[in-house]
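Have a look and see whether you read them the way I do.

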Amino acid sequence: MVRSRFTGRHAVDWQDDRIASARDGLNPTLIAEMDSNYAVMADMQFLPGWCILLPKRNVDSLNALDTQERKSFLYDMSVLGDAILSVCKPVRVNYDILGNSDQYLHAHVYPRYAWEQEERLKLPVWLYDSHCWSDPMTGFSEERHGALMHSIRSYLMSHR
């Protein structure tokens, strides 16, 4: 169930402000609240276990954080990668902090698998075919990805 929060005269979809919706408990992709950040599942799961790290404070880039917040963000990003490695058993984990489309700090932490085509495995995830980005069968859903989300959450909670 996707919940909305009400501000003023209209409902705001949780995707309109992913950080606030994680803080408010309205983000259905929320895996866990970490010390200074939120771990969430990515909207698309064509690479099962793809996660995103959101800071608790909405800023436009890593450089907008103070030194301690930067350390915390990057450390939590690596711990999220540890969780994905442990739970999903990929051949490696890639990390991306972009901010070109969604202009707020967030880090993509995604597994890369041996079952991916060899030439695809060498390329960034962003170059996957367009159908991967719109296939409803690979879109995040509690029914299909809830057990995976729970396993990643269990790892993160046991490694605090």
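1. Start with D43 and R18: in this predicted model, their side chains meet in a salt bridge, at 2.7 Å from N to O. D43 sits in the loop between strand 4 (37-41) and strand 5 (51-55), and R18 belongs to helix 1 (residues 18-23), so the contact ties together parts that are 25 residues apart in sequence.

2. R18 has 18% and counts as buried, because the cut-off for buried is under 20%.

3. Next, E33 and K56. These two form a salt bridge as well, and their closest N and O atoms are 2.6 Å apart. Here the link runs from strand 3 (residues 30-33), which holds E33, to the loop between strand 5 and helix 2 (67-88), which holds K56; the two residues are 23 apart, and the pair links distant parts of the chain. On accessibility, E33 is partly exposed at 40%, and K56 is partly exposed at 29%.

4. Then there's E69 with R57, a salt bridge at 2.6 Å, N to O. E69 is in helix 2 and R57 in the loop between strand 5 and helix 2, 12 residues apart. E69 has a relative accessible area of 24%, which makes it partly exposed, and R57 is partly exposed too, with 40%.

5. For the overall tally, how many salt bridges does a search of the whole structure find? Six, and the pairs above are among them.

Methods. Residues numbered from 1 in each chain as written. Predicted model: local features only at pLDDT ≥ 70, side-chain atom pairs only at ≥ 80, totals over all residues. Heavy atoms only, no water. Salt bridge = Lys/Arg side-chain N within 4 Å of Asp/Glu carboxyl O. Helix = DSSP H or I, 4+ residues; strand = E, 2+ residues; numbered from the N terminus. Buried < 20%, exposed > 50% of the residue type's maximum accessible area, 1.4 Å probe, protein only.
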